[in-house]
Amino acid sequence: MKKAIGIDIGGTKIAAGIITESGELLKREDVKSDPSDRENMFARVIDAVEQVLEKSSFSLADIEGIGVGVPGKVDCENGIAIFQNNLPWKQFPITARLREQFGLEQISIDNDVYMAAFAEWKAAQVKQNETFVYVTISTGISCSIIQNGSFFRGAGFAGELGLIPVLSKADNKGNNRLEKVAAGPAIEKLAEKELQVEKISTKEVFAGYANGTCEYLPIIEEVTDNLAQGLYTISCLLDPHKMVFGGSVIVNNPFLLKLMKEKLKSYQLPEQHHILGQMSISTLKQDNGVVGAGLRVFERL
């Protein structure tokens with residue numbers, strides 16, 4: 001049974017896991033990120049790999065290679081993390097550094113959302129000729145598209161769903177980008193404004209809505225309407241066969257899917273309704289980035 005190490009790198013934590021060729025996650029370890037400078041951050045990546053090996057029954061000799069998901073823009077061919085908003089790795093040669101550190105030739109890197117999308121695409125068992133879209137709703141909003149078994153990358157910036165402008169109640173001029181009115185931090189800001197409180201978490205907002213507290217209802221109504229507008233853009237431009245959602249906001253609050261589908265249906269033509277029955281929430285949840293990164297060692301897109 002072939003095994004690889006998958007790494008999911010974020011601004012707050014780094015997850016490393018041992019993945020089989022069939023996508024089974026054998027062991028996972030998380031370490032805290034250190035974005036104070038590029039070398040400190042890379043040292044934490046090394047720590048994550050060493051910890052997952054140490055706490056499993058495997059050694060580097062058992063590992064075929066390493067897959068790495070990195071935020072922001074990535075040069076997959078040359079193994080370089082080009083730019084990130086939350087990491088100090090501008091033009092960082094991560095593939096070369098990992099080869100030097102661990103002596104493994106097979107290193108695969110990509111954007112973190114693309115890695116998660118790959119795991120979801122494999123789990124969904126989508127037909128080769130179908131269009132698959134993975135959408136993440138968390139501290140940011142983005143998507144990844146797989147068409148005919150390959151990623152659709154455009155000129156390198158495809159899938160930035162969070163940058164699409166939407167018409168929100170707060171600003172009917174339509175110059176609010178989706179991420180600014182529907183991602184986790186945006187939900188907190190909207191709730192603080194509407195409820196006139198100094199600080200509130202997304203967890204508290206969703207709990208208030210789930211409990212039926214009337215003050216929270218218009219907040220979630222607005223957020224889901226904004227999300228539906230973004231999804232309608234996907235529906236019109238790509239007309240996908242299947243769409244899977246991940247990210248902490250929706251994975252932890254699955255009732256959002258029903259609300260988004262209801263609002264999306266109101267925008268769509270009847271001929272577009274087929275996607276409504278093919279929208280689902282990730283079953284891999286917070287492991288999809290690690291699993292996808294590990295699987296990419298065995299199969300490139």
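**Reading burial, salt bridges and a sheet**

Tutor: Lys263 is buried, with a relative accessible area of 18%, where buried means under 20% relative accessible area, exposed means over 50%, and partly exposed lies in between (1.4 Å probe, protein chains only). This is a predicted model, in which local features need pLDDT of at least 70 and side-chain atom pairs count only at pLDDT 80 or more, whereas totals for chains, interfaces and linings use all residues. Residues are numbered from 1 along each chain as its sequence is written, and side-chain values use heavy atoms, with hydrogens and water left out.

Student: Which residue forms a salt bridge with Lys263?

Tutor: Side chains of opposite charge can pair when their charged atoms come close. A salt bridge here is a side-chain nitrogen of Lys or Arg within 4 Å of a carboxyl oxygen of Asp or Glu. The partner of Lys263 is Glu221, with the closest N and O atoms 2.9 Å apart. Because Glu221 belongs to helix α7 (residues 217-238) and Lys263 to helix α9 (residues 255-267), the pair ties together parts that are 42 residues apart in sequence; helices (H or I, at least four residues) and strands (E, at least two) are DSSP runs, numbered from the N terminus. Glu221 is partly exposed, at 34% relative accessibility.

Student: How many salt bridges does this rule give, and which residues are linked in a network?

Tutor: The count comes to 13 salt bridges, and the network links Lys13, Arg28, Asp30 and Asp287. Within it, Asp30 meets Arg28 at 2.9 Å, N to O, and Lys13 meets Asp30 at 3.6 Å, N to O. Lys13 sits in strand β2 (residues 13-20) and Asp30 in strand β3 (residues 25-32), so this pair ties together parts 17 residues apart in sequence. Lys13 is partly exposed at 39% relative accessibility, and Asp30 is partly exposed at 36%.

Student: In what order do the five strands of the open sheet run?

Tutor: Two strands pair if DSSP finds at least two bridges between them. The order is β10-β9-β8-β13-β14, with mixed pairing. At the edges stand β10 (150-151) and β14 (279-281), each with a single partner strand, so one side of each is left without a neighbour in the sheet. Strands β8 (residues 131-137) and β9 (residues 141-147) pair in the antiparallel sense over seven bridges, and Ile137 has Ile141 in β9 as its bridge partner.

Student: Which helix packs on the sheet?

Tutor: Helix α3 (residues 112-124) does, touching β8, β9, β10 and β13 (242-246), where contact means heavy atoms within 4.5 Å. The direction of α3 makes about 130° with that of β8; axes are lines fitted to C-alpha atoms, for helices over the stretch in contact, and angles run from 0 to 180 degrees between N-to-C directions.
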